[in-house]
Amino acid sequence: MNAENFDIDQLNVIAGFDQPADLPEVKYAAERGIKISRRDDYFMTMKRPEGLPHANRVGKYEWKTVTAEGITKEGFWFALDLVELKKDLTASHVYDMPTPIFIALVTTFYASMYADAIETPKRWAAPALEDLFQKARRDLPKSAFKRYWRAIDLVVDGLMADGTLSEKQADELEGTVIDARA
């Protein structure tokens with residue numbers, strides 16, 4: 001290895017810090033400006049959300065950079081909470097997928113619901129979730145979509161259990177999740 005062929009990204013993959021950039025889930029997260037890595041613990045790097053595709057206004061709600069950043073971070077931390085419920089943070093696999101992929105999918109879900117529908121978890125609605133599933137089904141290979149579906153199902157269950165979602169909202173979202181599985 002010399003200065004001409006030095007590739008820090010490839011070395012991070014070999015060392016187990018990052019997932020290969022060509023994995024569909026990693027590409028999908030990268031489209032939202034999200035990258036999950038691990039040194040001692042998992043951490044997230046994200047691009048400034050104002051430079052990424054997003055709605056400007058949906059109904060009475062206007063998109064804001066600070067909210068987009070906050071929601072993305074909230075998704076990352078909630079993903080870590082779900083990982084801790086399943087296994088400890090050093091686990092290489094949780095919920096039948098590599099841990100960094102799971103974290104990336106959950107974080108991307110949060111970021112996408114805000115970017116596309118300007119919805120925060122307490123306002124997530126079934127039509128926005130249905131649109132997101134349609135986009136993901138179109139953009140991801142079948143195996144990656146199954147993992148994305150699983151991650152969203154776990155998020156809805158987790159937010160229902162911790163009281164973030166109202167019972168009615170949780171039932172509507174869960175119905176959309178079940179319909180998207182087919």
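A salt bridge here is a side-chain nitrogen of Lys or Arg within 4 Å of a carboxyl oxygen of Asp or Glu. The model is predicted, so local features need pLDDT of at least 70 and side-chain atom pairs count only at pLDDT 80 or more, while totals for chains, interfaces and linings use all residues. Residues are numbered from 1 along each chain as its sequence is written, and side-chain values use heavy atoms, leaving out hydrogens and water.

**Exercise 1.** Find out which residues are linked with Arg48 in a network of salt bridges.

*Solution.* Glu50 and Glu69 join Arg48 in that network. Searching the whole structure turns up 8 salt bridges.

**Exercise 2.** Work out which parts the Arg147 and Glu25 pair ties together.

*Solution.* 
- Step 1: the two side chains meet in a salt bridge at 2.4 Å, N to O.
- Step 2: Arg147 sits in helix 6 and Glu25 in helix 2, so the pair ties together parts 122 residues apart in sequence. Helices are DSSP runs (H or I, at least four residues), numbered from the N terminus.
- Step 3: check accessibility. Buried means under 20% relative accessible area, exposed over 50%, partly exposed in between (1.4 Å probe, protein chains only). Glu25 is buried at 2%, and Arg147 is partly exposed at 25%.

**Exercise 3.** Decide whether Lys168 is buried or exposed, then look at its salt bridge with Glu172.

*Solution.* 
- Step 1: Lys168 has a relative accessible area of 60%, so call it exposed.
- Step 2: the closest N and O atoms of Glu172 and Lys168 are 3.4 Å apart.
- Step 3: both lie in helix 7, 4 residues apart, or about one helical turn.

Definitions and conventions
Helices (H or I, at least four residues) and strands (E, at least two) are DSSP runs, numbered from the N terminus.
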